[in-house]
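Subject: Structure handover

Hello,

I am passing a structure on to you. Please open it first, then read my notes below.

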Amino acid sequence: RMVPVDAYGGDDGASMAANNTSAFNCRTITGGSGWSEHSYGRAIDINPLANPYVAGSTVLPAAGWAYADRIRDAAGMIHAGDEVVRAFAERGWLWGGYWTYPKDYQHFSTSGR
């Protein structure tokens with residue numbers, strides 16, 4: 001699904017739980033206090049259920065646990081070298097799946113943050 005995050009009252013957690021692909025959302029970074037790149041329109045999250053944010057034992061959205069094991073290959077999952085990663089890279093966008101920690105498999109941004 002892809003609807004404006006306003007449909008979830010700007011609640012990133014609710015948007016992710018609904019597996020909503022989203023971009024602009026004026027919010028803080030996950031687990032922090034600074035502004036997210038989503039606040040500036042410089043980031044997009046794709047299929048968050050199948051491409052969760054993983055920081056140690058934290059997986060967001062929570063139902064994304066089934067997809068935290070990236071050896072798995074299921075519909076909607078993004079992997080290194082996939083067409084979607086290449087398409088964003090060709091336009092100068094960076095993928096959160098390449099981060100050392102945390103891993104943010106749903107996240108693409110122009111800044112790499």
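Which residues do ring pairs link into a cluster? Here they are: Phe 88, Trp 93, Trp 95, Tyr 98, Tyr 105 and Phe 108. Please keep in mind that this is a predicted model.

**Aromatic pairs**

The whole structure holds 5 aromatic pairs. One of them joins Phe 88 and Phe 108. Their ring centres lie 4.2 Å apart and their planes meet at 15 degrees, so this pair is stacked. It links distant parts of the chain. Phe 88 belongs to helix H2, residues 83-90.

Phe 88 has 17% relative accessibility. Phe 108 has a relative accessible area of 1%. The cut-off for buried is under 20%.

Phe 108 has a second stacked partner, Trp 95. Here the distance is 6.4 Å centre to centre, with 25 degrees between the planes. Trp 95 comes from strand E4, residues 94-95, and Phe 108 from strand E6. That is a separation of 13 residues, and again the pair links distant parts of the chain. Trp 95 is buried too, at 5% relative accessibility.

**Salt bridges**

Side chains of opposite charge can pair when their charged atoms come close. In this model there are 5 salt bridges.

Start with Glu 37. It forms a salt bridge with Arg 42, where the closest N and O atoms are 2.9 Å apart. It also forms one with Arg 113, at 3.3 Å between the closest N and O atoms. What does the pair of Glu 37 and Arg 113 tie together? Glu 37 lies in the loop between helix H1 (12-17) and strand E1 (43-45). Arg 113 lies in the segment after strand E6 (107-109). The pair therefore ties together parts that are 76 residues apart in sequence.

Glu 37 counts as buried, at 6% relative accessibility. Arg 42 is partly exposed, at 31%. Arg 113 is exposed, with a relative accessible area of 55%.

Next come Glu 90 and Arg 91. Their side chains meet in a salt bridge, 3.8 Å from N to O. Both residues are exposed.

There is also a network of salt bridges. It links Asp 12, Arg 27 and Asp 45.

**The largest pocket**

The largest pocket has a volume of about 260 Å³. Its lining is made up of 16 residues. Which of them lie nearest the centre of the pocket? They are Ile 29, Thr 30, Tyr 53, Trp 99 and Asp 104. By class, the lining has 5 nonpolar, 5 polar and 6 charged residues.

**Annotation**

The UniProt record, an unreviewed entry, places the feature "domain: Peptidase M15C" at residues 31-109. Over that stretch the chain is 10% helix and 20% strand. The C-alpha atoms at its ends are 18 Å apart.

**Where to look**

Then go to Glu 37, which bridges to Arg 42 and to Arg 113. Finish at the largest pocket, with Tyr 53 and Trp 99 among the residues nearest its centre.

Best wishes

Notes. Residues are numbered from 1 along each chain as its sequence is written. This is a predicted model: local features need pLDDT of at least 70, side-chain atom pairs count only at pLDDT 80 or more; totals for chains, interfaces and linings use all residues. Side-chain values use heavy atoms; hydrogens and water are left out. On a 1 Å grid over the protein atoms alone, a cavity is a set of points where a 1.4 Å probe fits but cannot get out, and a pocket is an open set with protein on both sides within 12 Å along at least five of seven lines; lining residues have an atom within 4 Å of a point. Grid points are joined across faces, edges and corners, and a volume is the space filled by probe spheres set on the points. Ala, Val, Leu, Ile, Met, Phe, Trp, Tyr, Cys and Pro count as nonpolar, Asp, Glu, Lys and Arg as charged, and the others, Gly among them, as polar. A salt bridge is a side-chain nitrogen of Lys or Arg within 4 Å of a carboxyl oxygen of Asp or Glu. Buried means under 20% relative accessible area, exposed over 50%, partly exposed in between (1.4 Å probe, protein chains only). Helices (H or I, at least four residues) and strands (E, at least two) are DSSP runs, numbered from the N terminus. UniProt positions are given in the numbering used here, feature names are shortened, and annotations may be inferred rather than shown by experiment. Rings of Phe, Tyr and Trp (its six-membered ring) pair if their centres lie within 6.5 Å; planes under 30 degrees apart count as stacked, over 60 as edge-to-face and the rest as tilted.
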